[in-house]
Every structure is written in C-alpha cells, then in structure tokens.
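Welcome, and thanks for opening the viewer. Let's walk through this structure one selection at a time.

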Amino acid sequence: EREVTTDSSGLPSSLLLLLLSMPWCCIGSSSSSTPPISSDALLPLSANQENTQPGLPPNKNQPKNAILVTNGGDGLFIDRLRSSNWTVESVTPSSVEAHVSRSKPLLILLDSRIDDLPTIAKSIRSIVEDDSLLTVISDRSVSEKRRRSLAKANIVHFVSWNSRDISLIEFVARIVARLRILPALYTALDEVDEAIEVCDESHTVAYVNSAYERLTGCNRQQVIGQPDSEIRRKSLPSSFGGRRNCDWSCLRVSTSNAGHCVYLRRRVSDGFSNHETHFAGGQMHRDLSLKSIRSQGGGLVDAPISEVLSLLREASVLCEGGDAAKYIKDAVRLLSSQEIYAPSITRFRDGDRIATQYYDGLIRLQQPGRQRKRSVVDAYRDKRSCSDARRRVSGEVRQALENEHLWSFDVLQLERVSEHHALSQLALKLFGRWKVCEMLQCPEDTMTRWLLSIEAHYHPVNAYHNATHAADVLQATSFFLDAPSVATYVVESHAAASLIAATIHDLDHPGRGNAFLINTRQSLSILYNDLSVLENHHVALAFQLTLQASNNINILANLPREEFASMRSCIVEMVLATDIRRHFEYLAKFNQMELTDERESEREAHSITICNMLLKCADISNPAREWALCERWAHRIVQEYFEQTREEKEKALPVTMAFFDRETCNVPLTQVGFVDMFAREAFSCWTQFARLPQVLKQLESNYERWRGMADGWTPAHNNSLLS
C-alpha cells in the first residue's frame, strides 16, 4: 500500500478494498433494473492471464487512456505506461474536469505536488465514472498524515514517478475493460428469447434476463440473491419447448476460478450429436438429452416414456405456431396421465349412455368429486396451532414431542419414554395439528382408539419394521408437508391421506421382505399374486380393521361416499408407492410433472404424485437423519436382514441379499450402496422441489462418514449392533 510495488500474482489489499467498495454497476444500460455484478467474479483473474473468452476485449495492444493532472512533470512510470500502449494526456488542475468528462479515462494520476489535492480529487470524483482508478503519483514517500487526509477524498493508491512496475495498473485496466462492455452485453441478453440465469460459486443467483422473467413469471428483484433452484427453472411453460430437466444447460465459466456457471435454456434441433453446440439461422442449439447427461454422470437411464415425452416436447418447438404444435401438446398431455392405457370417456359418442355406464361401472369404478380441492396452504393458513393441550401425557413424553416439527426430531427417544408407544403418541399430536379429525369428520376418541389398534398390529419384536419406524415415517411426512413449496401443490384431502398412509404403511410387517414371502410360498404372496405382497397386505389389513363394525374405530364412517372412495384410493396408492421394487417408476413420474398446468384434473394428479414421492422419501429417510439417528436405524435394519439371511440359509432358500450375512457383512458399505442405488437421486429431486437443502446435505455428510468407517469395519462389529 506504500509506493506500489506489487508482483503480477495478485492484488494489494488497498486495491482489493477499492474493488469491493465499487458498486460495479452497469453504466449506460437501457434497463434500470439491470443488476450489479459481484466483484468476486473478477478478482480471481491473474494479472498475466490471457483472455480467451470470446467477445471480450483483447488483453494485448489494446488502446488504454490515462490522464495525468500536473502543473508540469514526467517520469519513468509515465514512460513505462506509454511504451505499453497507454495514451497519457497531461492536463492542468483547472482543465481536468473537461478532459475527464470527454475522454472517460481508465486511469487518473494526480501529481502530489499540486495545490489543494483533496479538493481537486473530490471534484473529479463528482464527475468521473466509478470504473476509473484515481491514484496519486509522488516522487517521495507519502506521510501517514497526508495519507489520512487524502483518504477522506477516497484516494488510497500511490505510485512513484520512478517506478517501472505497471502490472497493477494493467490488471485494473483489464478489469475495467471487461466492466465497460457489460452494459452492451446486458442489453443484448435482455433482447434474446432464451432464458438465462447466472449463478456464482455459492449457487446464488447473480443475474437473470428479461426472457427469464417473462417465461417464469419471477421478477428479477425476487430471484437475484436467492439460492439457485432447479424447480424455478423447471417452471418454464412447456410451450417454450424442451424437457423440464434436460433443456437447461449448465455452462461453467472457463476463465473463472470461482466456480461461476450460467444456466441457459436452449431450443434443441435434430441431426447433431449430444452436447454439440452449433448455430443455425442466428440461433444457438444444443442437444442436452437427459439420457445422455445421466449416462455420462453414471446415473440411471430414464424410462422410455420419459424420452418419448421429451422428444415430443422438442418437436413441438420445431412446429411452434402451427396446428402440429397443438396436436403434439395434446399428445404430451395424454401420455403424461397416470394410466395411459385406460380408456377416456371423451372417446365415446355423445349421448352413448350404455358405453358411459359400462365405463363407470367396470373401469372407473369411482366417481371423483367435482368440487375444487383446497391446497394445504389454503386449508391451514389460519388454523395451524397445536391442539394436544387436552391430551394427558407424561412430562417426559410431552418434552420428547416438543421438536416434532424439526428434522432433528428423535423418535427413538420418544420410543423409550413412551414405553414403545411412539406411534400413537406422535400421531395424536400430528393429527391434531393437521386437523385430520376435522377433515374426516371423526370424533377424537374414535381416532385415539384407531391409533391404538393400528399400533397394536405392528410387531414389536421386529428390529426395524415396527411401530416406531411407522412413527418415524409419519414425522418425516409431516415435516415434508410443512415445506411451503410442497404445501402449495398438495390438496387438503391428500395431506390427510398421506399422514394416514404413513401411519399404516408397514402394518403387520413380519420382518421379512417380499422376496422371502414369495420364495416360501406364503399365503399372502399367493393372495396377491406375488405383486407388492406386503404393501397390499398393509393397506388391506388397515381398511379391514377400520371398517369392521365390532372394532368401533371407523375413522372414515362420516365421510360421504364419494369422499370415502377418493380417500381410500389415495391411501392405497400412497402405501403401494412404498414398494421399493417400483422406486424408479415413481421417481420418473415425479420428474415428469409439469406444474404449470393449472387445470383441476392435472392439479389433483400432481398432488397425488407429490404425495407418493413424499411418502417414498419419508420411508427411506433414515440415511438423511442426523448421524446418531442414522447410525442406530441402520443397525436396526441390518439386524433384521441378518435374521432373514440366516433363515433363508437354514431353509435352503434363495438368499435374497447375500451381503447381509452376519459373518461377512461390512455394514458401512451396505449403507453406502443403498444411498448410491436409491436414496441420493430420490432426495436430490425431492429436496430441490421441497427446498430442503439441509436434508440432502445431511445425507451426503452421513454418506461420507459411512465411507470413512468401511475400511476399519470387521465382522466382529456385527455381533453388537443393538447393544
């Protein structure tokens, strides 16, 4: 910070302070809302770095102008500037303002010998752009008193007349040259039809263009400064073309060491290889198929229907504006339905009552309600207070339930203090908070008896699939429903159905998996034809217990027939969605949602799809819990699998998962494998939609911890997992 003697490897702290203090605004932009660019995006550039970014000013032999304010004088520093292609104009203090206004110099050098230097500096500051560097040039060291005086005029940089080192000045000139071209770039970006989002190294949005605002409906003042969101980018209407996931290209900025990236939504044209960028008719195109991206990243390949829908959406762009685009859009809507092979009543002739009644009686079976369903946000905006004050619970149980709304909730602590009644205790509180009794028109005492009956039909001898696991899934379900981005799209009845489904989703689980029941030809596998055997049994038994009159626990008794049929259908579908065998099918359906469709039928379909995914993630949420809970739940599930493997070997049955052998199993590796196979992709999609990044962060933290334990794990550890 003295007479500047810097090398070219970095910035002196004084210039760093100046750069950080500059507003770096887009001078001269036609848009008053054009956002500022963070100086962090520019600082990592080395002073000797070659500029390879297309379209930016060249680094070498570029004309650069400076003004020397002096009453007469010259030196080695000025000679060095001129030899490096700088134009240095000497002006007197009295004429400096006119010259600055006219030439807009990159550099202004003030001779330390001129009179009333602070006043002149302030005068220059009042007319100069913020992208000009103001520096004092002196033939001797500047005293601290003099520095403090000049600092009041925002002068903190000093160079020597006899210095030959101009690397700092060259570096600043390169930065300023880039800054000065930004208004033109912003103006151009605001004119293009492609939506563009720029994020910094912390994944915070730094810029969006007008097309982004127009197509997403998000105002740039609302978006800039927020974490980047795949869901927000996916909210672009399908008519803009392309797939939700794959037509957004993440472009890494090659000259930025700070990890900046640009998200660009491009229109895709056939006939070019994957990831090949090209220009045609002045437009930029790129094939960024989701299949190719996932294949390169080692991910899972999309279902064929996903690729079909993607190709159709791309075709609609090529036919934009014509009748073909409308037909393609209708085809996409039909193929996106839940049951693409089920006939639609609209295909029957008008007035064909026989065909209509056949359809209603033999195919549809249920008549959906016609009233508009409220979202969870609408239903609970004014009634989210807890209603468990009347329940009599012990102090320890009440204390254990205090954090039921947090992801860190310890259900195992509740299991201990409630003497293995965690499910009934937690459900009474959560059902009260979510007003489930009001939704079902059910007396509270009936709900209490129902919960106790359901809890009694779980097997406490199971290490994992017991009532406490159901309570854990119920709490995760409630936590996910609390997320505003989830509540916006979930209708009130589906929220209640998901809480009930979570409560019953493993009812009467025998502690053995579907494969074991099929291989041993259990009566349940015969009854359900080897298809989602346990899941069908859980939900069937739940309704059997509920509807049996002698039990006096029918929580659905007061629902009208249509509402009962709808509630039952939702609960059944959600429980069946927990079958891990259909994991990727439900994940694909979730990823295919187009949330911009506001029709009532699509709104309900989206709500049930979201709830299916919600319950699936809640069911496999143990790897994403805080480490202490994650580890204990892992030990429980492994213990249960150990017992199944032992029995399979004893009965000479096919061994379902041979790596769960107590004598050889590496428990940490089993958890790493489960995250790689199932949890990571599901939680990546879900937490991005629900805007719960802390859950995914915890999952990855636990994953790394398991990986670190794997090398030191021995089979001896398997004998004391639950101790």
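One definition before we start: buried means under 20% relative accessible area, exposed over 50%, and partly exposed in between, with a 1.4 Å probe and protein chains only. This is a predicted model, in which local features need pLDDT of at least 70 and side-chain atom pairs count only at pLDDT 80 or more, while totals for chains, interfaces and linings use all residues. Residues are numbered from 1 along each chain as its sequence is written, and side-chain values use heavy atoms, with hydrogens and water left out.

**Stop 1**

Please select Arg433 and Asp482. Their side chains form a salt bridge, with the closest N and O atoms 3.2 Å apart; the term stands for a side-chain nitrogen of Lys or Arg within 4 Å of a carboxyl oxygen of Asp or Glu. This pair links distant parts of the chain, since Arg433 is in helix 17 (residues 422-433) and Asp482 in helix 20 (residues 467-482), 49 residues apart. Helices here are DSSP runs of H or I with at least four residues, numbered from the N terminus.

**Stop 2: the annotated sites**

Next, go to His465, which the UniProt annotation "active site" covers, from an unreviewed entry. UniProt positions are given in the numbering used here, feature names are shortened, and annotations may be inferred rather than shown by experiment. His465 sits in the loop between helix 19 (444-456) and helix 20, and it counts as buried at 12% relative accessibility. The "binding site" annotation, again from an unreviewed UniProt entry, covers His465, Asn466, Ala467, Thr468, His469, Asp506, Asp619 and Gln671. From that list, pick His469: it lies in helix 20 and is buried, with a relative accessible area of 1%.

**Stop 3: Arg680 and its two partners**

Select Asp676, Arg680 and Glu700. Asp676 and Arg680 meet in a salt bridge at 2.7 Å, N to O. They are separated by about one helical turn, because they are 4 residues apart in helix 30 (residues 667-690). Arg680 also forms a salt bridge with Glu700, where the closest N and O atoms are 2.9 Å apart. Asp676 is partly exposed at 42%, Arg680 counts as partly exposed at 22%, and Glu700 is partly exposed at 26%.

**Stop 4: two backbone angles**

Gln441 has a phi near 55°, a positive value in a residue other than glycine. Look for Gln441 in the loop between helix 18 (436-440) and helix 19, where it counts as partly exposed at 41% relative accessibility. Asn529 likewise has a positive phi of about 55° although it is not a glycine. Asn529 is in the loop between helix 24 (523-527) and helix 25 (533-547), and it is exposed, with a relative accessible area of 59%.
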